Amino acid sequence: MEDDYPMLTKLESACSDLKTLLNSSTNLQTNLKKLDTNFNGLQETLNVASRRLAPLHSLSIASKALETRINRAVSPALVLIDGFKISESLQRKLVDISTKLSVQKSETRRLRLLIKYVDCVDKLNIAIDLISQEGGPAIQRLQEVVEFLSRTKATDQFRTHRLRETLVTLKMLYETEVDSMKFDGLLDEALLNLQDEFEGILQQLRHHNIGVEVEDDGDDDGGVAVEVADLGTEMEVEALRRISETLTANDCLDICIDIFVKVRYKRAAKALMRLNPDYLRTYNPEEIDQMEWESLETSISLWIKHFELAVKTVFVSEKNLCNRVLGNIMDGVIWQECFVKIADKIMAVFFRFGEGVARSNKEPQKLFKLLDMFDSLEQLKTEFSEIFEGEAGADICSRFRELEKLLVHASTKVYWEFGLQIEGNQDGLPPPQDGSVPKLVRYAINYLKYLTTDNYSEPMAQVLRTEQMWKAGTLSKPPENLLKEAISNVMEALQRNIESKRSVYKDKVLYHVFTMNTYWYIYMRTRNTELGKLLGEHYMRKNYKVVAEEAAYLYEKQAWGGLVRLLDKEGTNDEGIETGAKGKIEAFLKGFEEIAQRHTSRYSIVEADLREQIKEATVKLIVPAYSDFLDAFSSVLAVKSYSSPESIEGLLGEIFSGNGRNPAMGSRRRELKDRSEGRKSVSSDIDQVPGRRSVGRFQRNRSNTSDV
């Protein structure tokens, strides 16, 4: 039947499932109602418990807040107490190191202990600074907590009382001990000890070998040691640097600088005093003018050496020391000022002497020492600027330039005044009575020769250029060869001086002797020298050699020409041939004697080469004429009774020997005098007889030189 109605079977099955589901839903609803009833009871129970636990929760929160507040106040106080403990430990360590320092003999170990001492001082300073900075806020917070607990009674009275006692003790300790630790305690004593140690180490750093003579290196003046050496060992410098930084950190920078400058100035000055610079005590121009020239010359030479040594050695070492010790203080600003303070007083002494020399009287001989001073400053200029660089050294560099300026003005003024003295014939002396070279000419030529040597030509040229630029303006271009122009001006002044002097002579022969001597001296003394090269051979020949040769020709004409004229064979007739020949030869011998007398007593030809040439020319002029005359009249003259040509030549050799009066010359002249006894003097006739051209080396030159 089920097979006949399958649909009905399915419906019955579905109905059965629905009944089961409905029964389950009914049971679930019943259970939910029970659960709801239980939940309401549980919630009520929780509400009751919450109300009972609320006071305990509030109390817990309050306790945690109080604990946090107390901890925030107590923790800084504990740090402050630890700071006091650290400070006390460091102070004990300072005392211990100080005791060891006082008995330590080894310098190296002592420096190591000193560096440890400085480290301990730095740590103590940090600890005291920490106490000073943190103490106030820590006490303030602790006081606030005590006041809060007292006001709120958040804890028991016993604990509040203990906290209050701790506050009072800590506050009293802070107020009384901190200032004492900073200003009256071991830190202050340690800083004083460091100042003494700082000064002691600086005192030990000395300049060695200053003033010790060095081996001769070709310099005529010798020399002094100029080796640059660092002052102090690495450990000494490290100790000084650490001490200076520690003193600076403790507001002792001024004291540190004062100690450094005072000690190092004394050390630098003492090192230079070993050179015995007593000359520096004289620096006023008036006092310098009163010094003997030899003494002043020596003083200037020493000044140049000592100035260079001070700059290149002493101050370089002092500058390096300043940089190594004080270079880290205030970002490297302070050390240069300290160095300049050390050098300033010493440099001022050197500058005073140099300025005094430059302002003293402008005597000619000072030129070379002024140029030496100027040249030494020029060579030091770059190094000087590097040593005294920056704003700190501006005043010293300015005074250096001012000294150079004074030396430039003084050098040029000395030179031009020297030329004016020559121009004005200010030697105050008459021309030499024997026609020799005047002392002024000798001095001037030697002066100019020395000025044009390698040692002085360039400094003098630079001085002249500098002076010219200052006068005309820095943008103007000075002439290329100012030195040559300046030398030429003095040479021209010297020529005018010579012309002025020779015009004084009344004796015409002496006039030419003087001219010949002087101009020949100038030419021969300047040729093949730097002076001659500067002026040029053409200039020297034209202005001096030609003039000397012209004067030599005129000398022969004036002194010997008339004597030769007496031996003229013309004018002797046949009837009086013997008498005329005897008269002429005796007149010749008489005149020869008088001229010889003049040469040995009145005329002087100093230069050997000039004298030899004059002798040769005179022999060629006199001896052949005399020999020809004797040969021409040998038939009527007793030739053997007269001086032979060889004798005449020998007498001329004696005249121009340069020995002046000697027995041999006197005997030969007496022989001539005996032969011409009783004849009248013909010297006046000789001066008036026109001479013939010299056949010797000197001949009349076609020049602008006028015949006298």
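Leu11 is placed in helix α1, which covers residues 6–103 of this predicted model. Leu11 is exposed, its relative accessible area being 54%. Together with Met7 and Leu8, Leu11 makes up a nonpolar surface patch, and the accessible area of the three residues is about 330 Å².

One of the residues in helix α2 is Lys123, and Lys123 is partly exposed at a relative accessible area of 47%.

Charged side chains also occur in pairs. Side chains of opposite charge can pair when their charged atoms come close.

| Salt bridge | N to O distance | Relative accessible area |
|---|---|---|
| Glu458 and Arg465 | 3.2 Å | Glu458 44%, Arg465 28% |
| Lys471 and Glu467 | 4.0 Å | Lys471 64%, Glu467 12% |
| Lys545 and Glu549 | 2.5 Å | Lys545 15%, Glu549 17% |

Lys471 counts as exposed, whereas Glu467 counts as buried. Lys545 is buried, and Glu549 is buried as well.

Lys471 and Glu467 both belong to helix α13 (residues 454–472), where four residues, about one turn of the helix, separate them. Lys545 and Glu549 are about one helical turn apart because they stand four residues apart in helix α17 (residues 537–565). An α-helix has 3.6 residues a turn, so residues three or four places apart point the same way.

A network of salt bridges links Asp119, Asp122 and Arg242. Arg242 is among the buried residues of helix α5, which also include Glu236, Val237, Leu240 and Ile243. Helix α5 runs over residues 234–249 and has 16 residues; the span from its first C-alpha to its last is 22 Å, close to the 22 Å expected at 1.5 Å a residue. After α5 comes Asp251, which has a positive phi near 60°.

A further contact brings together positions separated along the chain. Gln290 occupies the loop between α7 (285–289) and α8 (293–326), and Gln290 is exposed, with 67% relative accessible area. Although Gln290 and Asn361 are 71 residues apart along the chain, their C-alpha atoms are 10.0 Å from each other.

How values were computed
Residues are numbered from 1 along each chain as its sequence is written. This is a predicted model: local features need pLDDT of at least 70, side-chain atom pairs count only at pLDDT 80 or more; totals for chains, interfaces and linings use all residues. Side-chain values use heavy atoms; hydrogens and water are left out. Helices (H or I, at least four residues) and strands (E, at least two) are DSSP runs, numbered from the N terminus. Buried means under 20% relative accessible area, exposed over 50%, partly exposed in between (1.4 Å probe, protein chains only). The expected span of a helix is 1.5 Å times one less than its number of residues. Patches are made of residues with over 30% relative accessible area and no salt bridge: like charges are joined within 9 Å, nonpolar side chains (Val, Leu, Ile, Met, Phe, Trp, Tyr) within 5 Å. Accessible areas come from the Shrake-Rupley method with a 1.4 Å probe; for residues, only the protein chains shown count as cover. A salt bridge is a side-chain nitrogen of Lys or Arg within 4 Å of a carboxyl oxygen of Asp or Glu.
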